[in-house]
Amino acid sequence: MKQVGSRIQSWLNSRLGFFVLAIVLFWAKTLWVYNTRFALGVDGRFQQMLLVLNPLPATILLFGIGLYMTGRKSYVSIIIVDLLTSMWLFANVLYYREFSDFITFALMKGSSSVSNNLSTAIAGIIKPGDFLVFLDVAILILVLAFKLIRMDIRPIKKRFAMLVSVFAVVLFGANLSMAYHDRSGLLTRTFDNNYIVKYLGLDVYTVYDGVKTAQTSAVRAKASASDLKSVKKWINNNRIAPNVQYTGVAKGKNVFVIHLESFQQFLIDFKYDGKEVTPNLNKIYHANDTIAFDNFFNQVGQGKTSDAELMLENSLYGIDGGSVMSNYGSSNTFEAVPSILDEDGYTTAAFHGDKGSFWNRDNTYKQWGYDYWISKSYYDVKSDYDIGYGMKDKLLFQQSAQYIEQLPQPFYAKMITLTNHYPYPLDKKNVTDIPKTDTGDKTVDGYLQTAHYLDQSVGEFMAWLKKTGLDKNSLVMFYGDHYGVSGNHNKAMAKLMNIKGYNEYNDAQQQRVPLMFNMPGLKGGINHTYGGEIDVMPTLLNLLGVDSSKYLMFGNDLLAANRNQTVAFRSGNFVTPQLTRVGSHLYNTTTGELIKKPTPAQKKAEDEAINRTTTVLSLSDRVVNGDLLRFYKPKNYKKVDAGDYNYKLSAAKKELKKAQKKGTSLLAKNKGKSVVDQYVTDAPELKKGKDADDSSPSSSAKKDSSSSSSKSSKK
Ligand code: GP9
Ligand code: MN
């Protein structure tokens, strides 16, 4: 035993021994931080394994620098690297406590005024235990100072140091490929900074963020006000006067924007097994006081939901790869709907059952001027409340009531649902009268069930609006953000929709998603104009009586006459009422027939549509990449200062309490008596007593969501 002890002792007295000790201590400390200071949402054994592995490559590489040094310098540099990386970890621990996200270079550069929050945050929230982050550094210094370990100043071969570096790089390669196996598109799509840390570690996240920031700032630095000229020119030449019959019909009303996750237009009026899949939404679709669109397309790219949000609230297109919200949301200047409505005295809030950091919403929404960002941490989430990406829709709506009733009116409230998300898992207790479909494609077969669930949640919410009288002074807008069944499932779609030879043309047509505006007294009807998500902002602003002509928008009012009806997709494809282009193939939009030899008129129309599509995409990219809106000052529009916003629950609670003094919220109007108890939901998770115990919702929900084999369901 003694022998083993002395062997270890003499090994620790070697340079390699000290190097390994430093790494092991740093590694253990990092894992402690991951598990106690961050909420990375590790799901399953594989992710757990990656979490354990991921601090190693960067630590070996960085600490390995010390091996290139000679004598004492080697020890000093290992300790310095240890200290610096620990300080970075420490700063992130504090930042995370406030923002549930990691520090970005964009914030540190001060290009965003969110950085103001940084110092205030850090000062107030240190806990004594946080200093344990430096424990390993202290241990290393002490063991050397008290000579418990002696410095080994014998030279080390450069080749050995290089071997260690190469090993670190290879280990990183393995880590990266395993991460991609679990989450494809991790670095190109940047879903959430939490994901990058979970899969690749904090140091890799830092490098990744640094490279991304350097790239975007280089383009931004080159851009100048004159770059806006061509953008302004195109927008001015293509602006269409909005439909005056609808101007201001919803002036001063509350606005509810109901984001229907992955909801395609074909679901409307769709029957399965003799039953309507979405009876509530069907009713709204056909109501006299609903304006609905049946040729409205999603135009999202890789940014999926975030692209939809960007288009809807900014009338800008998503970028070619990745997400604008993730890449530019923390730093760019926007002129988004919430900030515009702020001028008209609106209170603005977004609600969602996922983490606040997904798609970088926690930073982007500040730049967009959202007063409140009510995300997962605002809700009471019990073990069986979550499925897939977050809290189930029925519970999201029901638990949002407590915040909605406190919002000073008029308000603009965006409710982002998520249960109807790929791969469409639904726990048994929530499955009602729609059976799974039988296409044989697992991910498609749950789609109608989750869509049905979403429809029920919407029904419950609308009933509450009616009960509380909120419906009378609210405009409710519904939209589907993007496809639910992607082009990879054509076979299943052919079966589901009973279309023979379902092909790329059909897939393009299936990019239709709902868009509906519902308000008592609204002159409704089903409108057949061809348009897309880019057109929502001008349409909505016109209904609200806001003159939007001063804003730079790529869309136009869907209710206007003489609109150009070319719907541009991010891929460069397009749909018009006559032509559909997929890759190099041209189809007749109404018949689906492949046009091999276009007539001169068709050729001309095709060229015009190609030209328009490439122009809007490249001009919009120019605005985003160059952050050109910083050079644009619409008259009487107050630029957003992101530093004015604080999305911490405690701050929001305080602010809402203060806001009651205005006397305009539903709660204040009701003399302080809450209307939350008027919310009726049949959510099984809330059922008390024997019923609920018998079928143990928590176990079935958990089982369903974790047993799903799909990659993109993993967080
Ligand atoms: C997550 C949710 C899903 O918060 O909005 O985003 P998606 O995967 O649809 O882009
Ligand atoms: Mn989505």
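A salt bridge here is a Lys or Arg side-chain nitrogen within 4 Å of a carboxyl oxygen of Asp or Glu. The model I am reading is predicted.

**Entry 1: the bridge between the domains**

I looked up aspartate 627 and arginine 220. Their side chains form a salt bridge, 2.8 Å from N to O. I then asked how many salt bridges are counted between domain 1 and domain 2. The count is one.

**Entry 2: the two domains**

I checked how the chain is divided. Domain 1 covers 2-220. Domain 2 is written in two segments, 242-569 and 610-642. Over C-alpha atoms, the centres of domain 1 and domain 2 are 40 Å apart. I noted 27 residues of domain 1 in the contact, and 26 of domain 2.

Next I took the area. About 2000 Å² is buried between domain 1 and domain 2. Carbon and sulfur atoms account for 41% of it. I also looked for polar contacts across this interface. Eight residue pairs turn up, both residues of each at pLDDT 80 or more.

Which helices supply the domain 1 side? I list α5 (71-99), α6 (105-108), α10 (186-189), α11 (193-200) and α12 (202-222), each giving at least two residues. The largest share comes from α12, with four residues. By type, I find 11 nonpolar, 10 polar and six charged residues on that side.

**Entry 3: salt bridges overall**

I ran the same rule over the model and got 23 salt bridges. I picked out arginine 97 and aspartate 130, whose side chains meet at 2.8 Å, N to O. This pair links distant parts of the chain, 33 residues apart. Arginine 97 sits in helix α5. Aspartate 130 is in the loop between α7 (115-124) and α8 (135-145). Side chains of opposite charge can pair when their charged atoms come close.

**Entry 4: around ligand 1**

What surrounds ligand 1? I wrote down Glu261, Lys304, Thr305, His352, Asp354, Phe358, Trp359, Arg361, Tyr389, His421 and His482. I then went through some polar distances to its oxygen atoms.

- Threonine 305 has a polar side-chain atom 2.6 Å from an oxygen atom of ligand 1.
- Glutamate 261 places a side-chain N or O atom 2.9 Å from an oxygen atom of ligand 1.
- For histidine 482, I read 3.1 Å between a side-chain N or O atom and an oxygen atom of ligand 1.

**Entry 5: backbone checks**

I looked for backbone exceptions. Most residues other than glycine have a negative phi, and most peptide bonds are trans.

Glutamine 409 and proline 410 are joined by a cis peptide bond, with omega about 0°. Proline 410 is in the loop between α19 (393-404) and β10 (411-416).

I found another cis bond joining tyrosine 422 and proline 423, with omega about 5°. Where is proline 423? The loop between β10 and α20 (442-445) holds this proline.

Last, I checked asparagine 360. Its phi is positive, about 55°, although asparagine 360 is not a glycine. I place asparagine 360 in the loop between β6 (347-352) and α18 (361-368).

Note on methods:
Residues numbered from 1 in each chain as written. Chains lettered and ligands numbered in written order. Predicted model: local features only at pLDDT ≥ 70, side-chain atom pairs only at ≥ 80, totals over all residues. Heavy atoms only, no water. Domains from an automatic or database assignment. Contact = heavy atoms within 4.5 Å. Buried area = accessible area lost by both parts, 1.4 Å probe. Polar contact = N/O pair within 3.5 Å; in protein donor to acceptor, adjacent residues only side chain to side chain. Nonpolar A, V, L, I, M, F, W, Y, C, P; charged D, E, K, R; others polar. Near = heavy atom within 4 Å.
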